[in-house]
Structures are given as structure tokens and as C-alpha cells.
There are 2 protein chains.
Amino acid sequence: MTFREDGEAALDWADAYLARVRELPVLAQVKPGEVQARLPAAPPDEPEAFAAVLRDLDEILLPAMTHWQHPRFFAYFGNTGSEPGILAELLVATLNQVGILWRTAPASAELEVTVLDWLAQLLGLPSGWHGHIEDSASISTLAALCAAREAGGGRRTVVCSEHTHSSIDKAARILGLELRKIPVDDEFRMRADLLDLADACAVVATVGTTSTTSVDPVPAIADACARAGAWLHVDAAYAGAAWVCEESRWSQAGVERADSLVVNAHKWLLTPFDCSCLWSSRPEALRDAFSLVPEYLRTSDVDAFNISEFGPALGRRFRSLKLWAVLRCYGRSGLQHMIREHLRLAALFESWVRDDDAWELCAPRPFSVVCFRLKGDDERNERLLERVNATGEIFISHTRLHDRYVLRLALGNARTTEEDVRLAWDVLRREAAHR
Amino acid sequence: MTFREDGEAALDWADAYLARVRELPVLAQVKPGEVQARLPAAPPDEPEAFAAVLRDLDEILLPAMTHWQHPRFFAYFGNTGSEPGILAELLVATLNQVGILWRTAPASAELEVTVLDWLAQLLGLPSGWHGHIEDSASISTLAALCAAREAGGGRRTVVCSEHTHSSIDKAARILGLELRKIPVDDEFRMRADLLDLADACAVVATVGTTSTTSVDPVPAIADACARAGAWLHVDAAYAGAAWVCEESRWSQAGVERADSLVVNAHKWLLTPFDCSCLWSSRPEALRDAFSLVPEYLRTSDVDAFNISEFGPALGRRFRSLKLWAVLRCYGRSGLQHMIREHLRLAALFESWVRDDDAWELCAPRPFSVVCFRLKGDDERNERLLERVNATGEIFISHTRLHDRYVLRLALGNARTTEEDVRLAWDVLRREAAHR
């Protein structure tokens, strides 16, 4: 077979998958080990046809996937591998650029800086920040906190709230930093009045926490950072996307004073995973932390950006190509349309919960995530979650708030319709009735 | 336009690119800033067609690329985005799986463990090692050294040779570890007799160093590590691929005693970038260093592997799909065929240099990289490098050995033929004659 023929088959498969994904069970209906048991124990000695790979993808792997692209995937933070983004990944792999220094992939380096500048404009960020792409928010945060540690004159503590994402814990451990967690208020926002910045090299403020999408009081935190000379890192991995709509920019207050900011384009900005955008108003601090150019990589392109000097990895994929394709094929209006629709659907679902006496809301809803539960005890809600997810009709996740088990419905997939959200509510009420 | 139609156009583009890449200049013939100057300063408000993206890819980006897929790309370590790997990336983006916990992407988690086991078999590694995929060797090494630090009982020094890759320096800096560099012998191998393991939590031994592909004396280093209780990390990012051929396994001596090992499938194993394979004989140490499961991610799948607990990132791409496609579509014999052909071509080029009095070889050649120079001073060789790369006919890189400027010709692309290597030699001699 040729690349063209195998490519047609792969493209057919992808096209059919996107068309039929809404008929598949959202959550994988398998037990641990089932896939491994069906795969050969040893690799083949002789070449097989690509068609055999597609066949096993269907028969062995597909039933064992949790379908993030299913329009009724309402767990964690949903995402969308949009069509232009998917096709751009085909091109990225074809070109197989490795961004080490500028000269190894000039188009990649320059497009990355430009596209991050475009996105900064779309989100209304201050002009002049340096942006680049990391694979995940975990690594973006690691990079930012590493720069903060190096700039921190020996201070070894990172401060965040009890609702900060676990990736901050992980980054602090890797970097050998202590973590101090500040309590939250009744709406799950960091208590800025309790901020203790003794020995702090950095504070992580979150806009859109993982459990409830609460928004930390960034202006007050920025004040405290300025007084203490601590680095302010803002984690807006999910919610930062909402800033493409001006009516959501209330949540951006204070962010203009950040030293670094992460927004994941692979969450709510239609870009296939991975594409985590990291901006900094102090890029020279990132460079001080990471730059290290050995002789065998030295070139004379002194004026160009070598993006590998701003983060932990040396070789970097041409990820900007997919973000570029997405921003062009959706435009500002296309991004706004999706975000606004998700906010509308979340408000609608929230209103249904509010109006039904058997249910209760458990947190304010700043963006597209609704925290709710069935009135009654934790066990009842836990069993309900297991039951609705086992149907395969929807997939939702949970969290714990005020020591209670709470359900989360998160809107984030561009293919989700009002009908899908209504079906989720129907499934929840139906399964709640079967005690 | 539909996904199918845009997809056809993207596939046509990819197919045509692979067919015509050998006619393009290998090294980008642009100056820093030229791409940025041609890109719009602001993103579009309204959607554009995907065809417009393809058009600008051709007109603006393509002339500014260094073509890693060009068969006469002989710089650094060459790579190949093979056809099955490219098409698998299309599928990866379509499925858009995010591996956080087992249940979020069961097929991804289990395929990754299985395929790393397959590759371990192909390379002749000990059975029972736990393997997973990171994006780059930089991150694989960071993960391994983080585990070593945590297991090291407070010891804070990493030991490596003067010829170790710069990513070790970077990882040590991030982890807050001191680096001790041991001198090399005349053939650029770590002087095991000079090993000083005072306060060492880890030693990094390299099989296939970046400058000359020299092989550190791993058995002696493993002895020293065993005596000192230090973690042995083996960096075989490039050369480990050669172990698919039994005649290259002389360079694997001692590796069976490693605590961790990195081999990049995206270098010499036909997998599009990124796919760095990290194995460990002490996976529980990696888990101790990285595991951190918060309430909102807790599930009952206690028996399954949650690969995010073995490395720094939380969300992980479905990278195993492309490695699986490559291993199946090439099979053991296909991989061996490519590696043997590259070793043959490197030996051939080496013989031409050896037989020409105007040139000299500068290092032994264990694998597919030849280190050589024109007899004469550094300036002459530097000017020669600039001149041959400016032709666009070939792209080679350089290093510094015994304080002399040395040229490197590295074989690593599957599309390279004997004719391409001969043309490289012709270009080098032609440009050397034009003083």
C-alpha cells in the first residue's frame, strides 16, 4: 500500500469516528488488564499492513476508550480536537520539525511566538508578554515555578490555596520547594487576608479552580506579591479561554500584574491535546533558569528566539501549527460562539437543578462547570455517579466540597448540543429514581 | 468545506511534501524575523478556510523550514516521521485521548505498557522493566534523576562525563542537584577509573554520546554504582535503537544493571517526534517521586497503571498508538534493515574520508555518525561548514573534540540512499576546493 491509500483509509476512519462517536458509550466499559490480554505478547518479526492496525484499533482499542470527543463527555474539563487542529497534527507529523534552536526549525519558532501573541490579543492580555507552548499545564507550571525559584534569592516556599490543582504540588516536589496552602472562603476562593508570604518565592493564583472553577482574588494576591517581592503565577489553564469573550473578563482582574500565566489551548480552545500556552512578563527570568547552550548547538543566529531556552525540554514539536490552524479557521467570532454556548448550556443545567427540590447546587458557577448533588448522603451520590457513568450515555466526575461528595457537570466539547445536556439531566433523574 | 474534503487536501499536501522534500534546500534559507514579518500582526475576527492555512503553509512557512525529513539532513541526529507513524498521529488527534488515570484512557495506558514491553523485547532488554513514554529525553532524564534524588537519602550530586548531553545539566539544575563531570579517554568514553561518587545519588552513563556516539564503560560504572548505592541512568536516546540488531548489542553490556534507561523512538526508530521511551527496573521509585492522586481524580481501578504517577506531567497524549503502528508496519526485520543500511552508509562515508589525504577522521565510529575534518585550521572547517550548509544540498553540524572544530555527518533518515551520501561527499570536496 502507498501513503496515499493508507492515508485515505485513516482519513475515512477519522471521519467515521467523529460521525459515530456520539453513539459509543462515553466511559470505557472494560476492566483493567482486558486490553493487554487481547494484545499479542510479542511484536511482529515481519511487516504488517497498516490496514491491520486500523482493524485492531476498531476491535481491541476502541471499546477500551473513554471518548473525550463524545458530546456527552461532561467529566473533568472537556476538550475538543477540532477538525482544523486534527488535520494540522497530520501536517506536524509529516514535517517532523524538531525545535531545538531557531535554525533547526525557524518557521516553528517564529510561528509559535506570533501565534501566542495572537492568542494574547484574543484574550485581552497585556501586550509585550513572551509566550511559548509546553505540552501540559503541569510542565508550564514547573517552568514558571523554576524561574520563580531561581529569581527568589534562596526563598523556598510556594503559596497557593487548598483548591489549587495537584500539578502545583507535583511541581513543588520536583523543584524541592515547600508548599503552603491557604484556606478558601465559602465560595472556594483563596483567603487573601490569610496570605502568609514568609520565605515565599512564588504564589500560584487560580482563575477557574479544578473542583468548582472558583476565581482567586488576583488583585489582592498581586498586591501581596508586590510587597513581598514574590513571583505571581496565574493558573487559568481552563478558564482563561473564556477571556475571548469580553463579558468574561471580570475574571481577568489583576492578571495583568502576573509574572507568568498558563492557559491550555487544548482544553477550551479547540486545539487537540497537547498545547499549553505559557506567557511571562519576565521572560529573562525563564531564560536565566533554563538557558544552557552547548558548543555543538551554537549558531550565529543571535537575534532569534531559541524557545528551548525558556522551558525544561530541548526538542520541541511544531505545536504552533495546530493552534494557528484553529485560530484562523474559527476566528475570534468562532471561539466566542463556542464559549458563549457552553456558558448558556451550563446556566440552563444549573437552572434545572435549582428548580428541582430533590437536588441542590453546591458552588457558584462562574464558567461552564456546575457542581451539584442529590439531596441525601454521600453514599447515595457516589452510587448515582457509578450508575450514570455505567450507562455509557453520559460521563461526569465528582469532587469533595465542605467534606461532602459533589457531582460535577463540565461543558467543554464543541459538539455538545442543548439536547445532549437535556439528556444528561434525564439520565441523572432517571438513575436517581432507581434507588 | 467538510472534514473529509479538507482532509483530502491535507493528505495531498503531506503526500506531495514527502515526494518533493528532497528537492527543497535542507537548511532554511531565511534570516531571523523574516517569517514573523510576513505573518499578520493580529488574528482574524472571522473564520477562514482551511485551504488558506495550507496556502500560507506553502508560501510563508515552508521556505523557513529546516527539513528534517530531507534525505540529506545529516546534522545532529536525523529522524524519520515514517508513513504509519504520521497517519497514527492523525488518529491520535482525532481520538484526543488524555491519559490522566487509567479510566480516562484505558486503551492508551495499556497499549503504552504493552508496546514498551514489545520494544524492550526488540532491543533485548531484561524482561520485567516498566516502560512508559515521555515527550523528550530531557523529560525522561528529569524523571529518572528526580526518582534518583528521592531514593538517594539526601545525596545531591549527579555524576556524568564531559561528553554527556546538555539535558543532564538542565535536569540537574531544575532538580537542584550538583553535577560532577568526569573526564573522558582518548575515545571520548567516561574514565571509570576517575569516577568519584562522593555524595552521588546518580550516575548518568551514555551509550552513544551526542558529539561522537562514544559508549561509556557501563559495566565498570554499574560496579561503582552498586558499591556506592547510586542510581544508574543510561542515556541511549540515539544509539539504543541499534540494539534491534544483535551485532550492535556489544554496546548494551552492563545496561541490564541500569535503574533507568532512555531510548528515543523519535530518533532512530521511525516514530514521529515526540516519543521518548523510559524504562525502569525500579518503577516504585518513580512512583514514590511522582504519585500524588487528589480526591477529584480518585477511582476504584486500583489494579491498573496510572502512568501519570511515573513522570512529571498529569495529562498524557496517546503516543503509544504511533509507536504501535510503526512496530507493526516495519516489524523487527524492517527496523533492522534501516539500522543496518545506515551503519553501512556511515562506514562507506568513513572509508572515503580515510582514503583521502586532504581529510582526517576525528573519532571512532561506533554507529551511524562520522566525525571528520579537513586537514588545516579551525577557521577553514568553520567556513566550509557554513558554505556547504548554505548550498541547501546537504545539512551537517559540528562539534569540538580535543579543542578542535570537527564536522559531523549523521545518518538517521530512512529515505537516505547511498546516492545521497555520495552527493554529500561530493559537495564537501567541491566546497573545500573553493577556498
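This is a predicted model: local features need pLDDT of at least 70, side-chain atom pairs count only at pLDDT 80 or more; totals for chains, interfaces and linings use all residues.

Residues are numbered from 1 along each chain as its sequence is written, chains are lettered from A and ligands numbered from 1 in the order in which they are written, and side-chain values use heavy atoms, with hydrogens and water left out.

Entry on A:Lys322. I located A:Lys322 in helix α11 (residues 320–354) of chain A, helices being DSSP runs of H or I with at least four residues, numbered from the N terminus. I then found that A:Lys322 has 0% relative accessibility and therefore counts as buried (under 20% relative accessible area, 1.4 Å probe, protein chains only). A polar atom of its side chain lies 2.9 Å from the backbone oxygen of A:Asp274. Beyond four places in sequence, the residues in contact with A:Lys322 (heavy atoms within 4.5 Å) include A:Glu89, A:Phe273 and A:Arg317.

Entry on B:Val35. I placed B:Val35 in helix α2 (residues 34–38) of chain B, and at 2% relative accessibility B:Val35 counts as buried. Leaving out residues up to four places away in sequence, I listed what B:Val35 touches: A:Ala107 and A:Glu110 from chain A, and B:Ile60, B:Leu61 and B:Ala64 from chain B. B:Ile60 is 25 residues from B:Val35 in sequence, yet the two are 6.6 Å apart in space, C-alpha to C-alpha.

Entry on the chain pairing. I recorded 138 residues of chain B in contact with 137 residues of chain A, and a buried area of about 12,200 Å², of which carbon and sulfur atoms give 63%; this is the accessible area (1.4 Å probe) that two parts lose on being put together, summed over both. The rule for a salt bridge (a side-chain nitrogen of Lys or Arg within 4 Å of a carboxyl oxygen of Asp or Glu) finds 12 across the interface. I also checked B:Arg332, which forms a salt bridge with A:Asp45, the closest N and O atoms being 2.7 Å apart. Since 99% of the interface residues of chain B are also interface residues in chain A, the copies meet through the same surface.

Notes:
Helices (H or I, at least four residues) and strands (E, at least two) are DSSP runs, numbered from the N terminus. Buried means under 20% relative accessible area, exposed over 50%, partly exposed in between (1.4 Å probe, protein chains only). A polar contact is a pair of N or O atoms within 3.5 Å; within protein, one must be able to donate a hydrogen and the other to accept it, and residues adjacent in sequence count only if both atoms are side-chain atoms.
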